[in-house]
Amino acid sequence: MIRKAISILLILLTLLTPLFSDPIEYEYEPYEKEEFPIWSLELRRAETIFFGSLVITFPVAMGIYSLASSLGMPTPDQDYQRVLQQALIAGGLSLVIAGTDWIIGKVSGD
């Protein structure tokens, strides 16, 4: 009985809270050109490229790992260790991609 009452109370609180909240009445204000320091913009770009390239590097890392293990590379017996090694390979490849982008940006003067 207590569980049902608590469940109903939580559902009502979840559904009724938006009815009593204040509406948002402000306009979107775009960021100024000089609002953030350069290093934070570079860090954000590197982060975006790193995590965006993981989508590509994970399958590549799995393929490299599978090829290397079929060619005789010693592999661990535990599945989680294999996945961890593949994730480390993918992270390393993504880090190389993000670092290469940063170096190209520095050299080209962007």
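Glutamate 42 counts as partly exposed, at 28% relative accessibility. Here buried means under 20% relative accessible area, exposed over 50%, and partly exposed in between (1.4 Å probe, protein chains only). The model is predicted: local features need pLDDT of at least 70, side-chain atom pairs count only at pLDDT 80 or more, and totals for chains, interfaces and linings use all residues. Residues are numbered from 1 along each chain as its sequence is written, and side-chain values use heavy atoms, with hydrogens and water left out.

Glutamate 42 takes part in a salt bridge with lysine 106, at 3.2 Å from N to O. A salt bridge is a side-chain nitrogen of Lys or Arg within 4 Å of a carboxyl oxygen of Asp or Glu. Lysine 106 belongs to helix 3 (residues 79-108) and glutamate 42 to helix 2 (residues 38-70), so the pair ties together parts 64 residues apart in sequence. Helices (H or I, at least four residues) are DSSP runs, numbered from the N terminus. Lysine 106 is partly exposed, at 47% relative accessibility.

A search of the whole structure finds 3 salt bridges. Side chains of opposite charge can pair when their charged atoms come close. Another of these pairs is arginine 45 with aspartate 101, whose closest N and O atoms are 2.8 Å apart. Arginine 45 lies in helix 2 and aspartate 101 in helix 3, so this pair ties together parts that are 56 residues apart in sequence. Arginine 45 is partly exposed at 48% relative accessibility. Aspartate 101 is also partly exposed, with a relative accessible area of 24%.

Aspartate 79 and arginine 82 also meet in a salt bridge (3.0 Å, N to O). They are 3 residues apart in helix 3, and so are separated by about one helical turn. Aspartate 79 is exposed, with a relative accessible area of 53%. Arginine 82 is partly exposed, at 26% relative accessibility.

Helix 3 has 30 residues, and its end C-alpha atoms are 43 Å apart. This agrees with the 44 Å it should span at 1.5 Å a residue. The expected span is 1.5 Å times one less than the number of residues. The buried residues of helix 3 are Gln86, Ala90, Gly91, Ser94 and Ala98. These buried residues pack against helix 2. Serine 94, in helix 3, is buried with a relative accessible area of 0%. Leaving aside neighbours within four places in sequence, serine 94 is in contact (heavy atoms within 4.5 Å) with Phe50, Ser53, Leu54 and Thr57. Glycine 109 follows helix 3, and its phi is positive, near 85°.

Helix 1 (residues 2-20) has 19 residues. From first C-alpha to last, helix 1 reaches 26 Å, close to the 27 Å expected. A kink of about 25° lies at threonine 14, shortly before proline 18. The bend at a residue is the angle between axes fitted to the seven residues ending there and the seven starting there. Of the 19 residues of helix 1, the number buried is 0, so this helix lies largely in the open.

Ile8, Ile11, Leu12, Leu15, Leu16, Leu19 and Phe20 make a nonpolar surface patch of about 760 Å². Patches consist of residues with over 30% relative accessible area and no salt bridge; like charges are joined within 9 Å, and nonpolar side chains (Val, Leu, Ile, Met, Phe, Trp, Tyr) within 5 Å. Accessible areas come from the Shrake-Rupley method with a 1.4 Å probe; for residues, only the protein chains shown count as cover. Leucine 16, in helix 1, is partly exposed, with a relative accessible area of 36%.

Notes
Helices (H or I, at least four residues) and strands (E, at least two) are DSSP runs, numbered from the N terminus.
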